[in-house]
Amino acid sequence: MNLSYSKEYEDFRHEVRSFLDENWTDADRASAPEADLQTVRGAMGGGIRKDQRATEFRKKAIARGYLYRRIPRRFGGGEQPPDALKATILAEEFRRAKAPFEIMGQGASMLAPTLVEKGSEEQCQKYVESTLLGHTAWCQGYSEPGAGSDLASLRTSAVLEGDHWVINGQKIWTSNAQEADMMFALIRTEPDKPQHDGISYFLIDMKTEGIDVRPLRQMTGEADFNEVFFDNVRVPVDSIVGERGEGWLVSRSTLKHERALIGNASLARRTFDGLIAMAQVIEVRGEKVIDDPVIRDRISTIEADLLAAEYNGYRLLTTRAKKADAGLSGLVPKLHSTNLVYKVSKLAMDILNDRGLCAPGEAIAPDMGGFSTAYMWYWGMALGGGAPNIQRNIIGERGLGLPRDDRN
Ligand SMILES: Cc1cc2nc3c(=O)[nH]c(=O)nc-3n(C[C@H](O)[C@H](O)[C@H](O)COP(=O)(O)OP(=O)(O)OC[C@H]3O[C@@H](n4cnc5c(N)ncnc54)[C@H](O)[C@@H]3O)c2cc1C
């Protein structure tokens, strides 16, 4: 396997580095926590900063075609021919320079590409650029009590009255609804049609009268999730993306982008590197943890898994570079990488013992409380974008041709 880049790509890397050296200075790096935001909470849609300096920088990077390469220029994107290797080099170099990269969140990573694929020209003009720059924050209103894995059974409904839809019902687990400007939501508009056909994909202004956002406290101590109630919420008739009743089709596009967002092995690599750094410092009974043979055994098992995930990433990258369809193998990274981060943070918690119970930043466990947060977050991370069992069913049935699950 040859993992080196050709001269054309090394030249491109050089060009990107020069751009970064010129436009993102040491002072910017020192004052911006952007790279850190591209972590667990970033991937779940949290922590988007509306930061003027980051915005200026992103605009320049977009003008060079470095960011949002699949989004047309007329909607504020970088518009470049698909090139998986260039996209990888950009991600690597921006991370190395700790420069603001594409915003990872439900708006920029999921809604914007969905709008470009399925939305109207007006919807794209109105929302895409401000979303890519982090000026419009979105939340995702899919899940309901009783409609998670079985999403098509959702019951929040909209009825057409004149030139407005009137929405009633409830969403749940809505990440970041407390700070979102807008929601993209699946809502039943055709109650007489079969489940999947009766749903429309709405764009809803969160300031509309009748919307009530109630936070749900998580075990991390934060409250990033919410219940969102709709009580006779009136939204304009043109709030639907795609055709009325075809929301299920539109939502497939968003889900594809969500799984790609969560399934990146680089987060597992960073968490693993943090584990090694921690094991080199922490001592138990006068011995460095890294020298304990039992811990070394667990670390090497995890590292083997991590390398497998990274090589699978290269395999997918090669498939994409050849412009071939990766098929369902694209579903594997989400399943694998969330599992991996869980294993890394579980081992970290075992090593830290009662120190692992400290909150991030507490004097007794400086920087090490981060593992307890990662450990707790990853129970949720594995579920967001579709539960692991459902992912396994899809891979088994559609990818491996196994008999279908009993749906009764
Ligand atoms: C961190 C996080 C962020 C989220 N953010 C959002 C958000 O912003 N917006 C939003 O709309 N939703 C969000 N969700 C909700 C998420 O999409 C749902 O939790 C997920 O789809 C699972 O639904 P559920 O919680 O109702 O669990 P259920 O569907 O009740 O599943 C419970 C368990 O049963 C298993 N199960 C269910 N059906 C089957 C089956 N057919 N075969 C085998 N096993 C099965 C599942 O694997 C799971 O283990 C978020 C969830 C988390 C954890």
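## Starting at Q140

Let's begin inside the fold: Q140 sits in strand β1. The model we are looking at is a predicted one. Q140 is buried, as 27 other C-beta atoms lie within 10 Å, where 20 or more are enough for that label.

Which residues does Q140 touch once its neighbours within four places in sequence are left aside? They are Q106, T174, S175 and F184.

## Around the ligand

Strand β1 (138-141) leads us to the ligand: together with α13 (369-383) and α14 (388-399), each of these elements supplies at least two residues of the shell. The shell holds 22 residues, and the closest to the ligand are G148, S149, G380, A387 and N389. Which element gives the most to this shell? Helix α14 does, with 4 residues.

By residue class, the shell around the ligand splits into 12 polar, 9 nonpolar and 1 charged.

## The chain as a whole

Stepping back, the chain contains 14 helices and 10 strands. Of its 408 residues, 37% count as buried. Sequence separation is worth a look too: among contacts between residues at least 6 apart in sequence, 68% join residues at least 24 apart.

Strand β2 (residues 157-161) and strand β3 (residues 164-171) run antiparallel and are joined by 5 bridges. Within this pair, V159 stands opposite V166 of β3. The two strands make a hairpin with 2 residues between them, and G162 in the turn has a positive phi of about 65°.

Strand β3 has another partner as well: β7 (residues 225-236) pairs with β3 in the antiparallel sense, over 7 bridges. One of the residues to look up here is H164, whose bridge partner in β7 is P236. As background for viewing such pairs, side chains in a regular strand alternate between the two faces of the sheet.

## An enclosed helix

How many of the 13 residues of helix α7 are buried? In α7 (residues 106-118) the number is 11, so this helix is largely enclosed by the rest of the structure. The buried set runs through Q106, G107, A108, S109, M110, L111, A112, P113, T114 and L115, and also includes K118.

## Nonpolar cores

The largest nonpolar core has 57 residues, and V128, L132, M183 and F202 touch the most other members. This core draws at least three residues from each of domain 1 (7-132) and domain 2 (138-245). A second, separate core of 22 residues includes L275, A374, Y375 and A382. In soluble globular proteins, nonpolar side chains tend to be buried together.

Apart from its neighbours within four places in sequence, F202 is in contact with A158, A185, I187, V235, S239 and I240.

## Two positive phi angles

Most residues other than glycine have a negative phi. Here are two residues to check against that background. K98 is not a glycine, yet has a positive phi of about 50°. K98 belongs to the loop between α6 (84-96) and α7.

W173 likewise is a residue other than glycine with a positive phi, near 60°. W173 is found in the loop between β3 and β4 (182-188). The cut-off for buried is 20 or more, so the two counts fall on either side of it.

## A last stop at D350

D350 is placed in helix α12 (residues 332-352). With 13 C-beta neighbours inside 10 Å, D350 counts as partly exposed, since a residue is exposed if the count is 12 or fewer. Its C-alpha atom is 9.6 Å from that of I295, a residue 55 places away in sequence.

Definitions and conventions
Residues numbered from 1 in each chain as written. Predicted model: local features only at pLDDT ≥ 70, side-chain atom pairs only at ≥ 80, totals over all residues. Near = placed C-beta within 6 Å. Nonpolar A, V, L, I, M, F, W, Y, C, P; charged D, E, K, R; others polar. Contact = placed C-beta atoms within 7 Å. Pairing = 2+ DSSP bridges. Core = buried A, V, L, I, M, F, W, Y, C linked by C-beta atoms within 7 Å. Domains from an automatic or database assignment.
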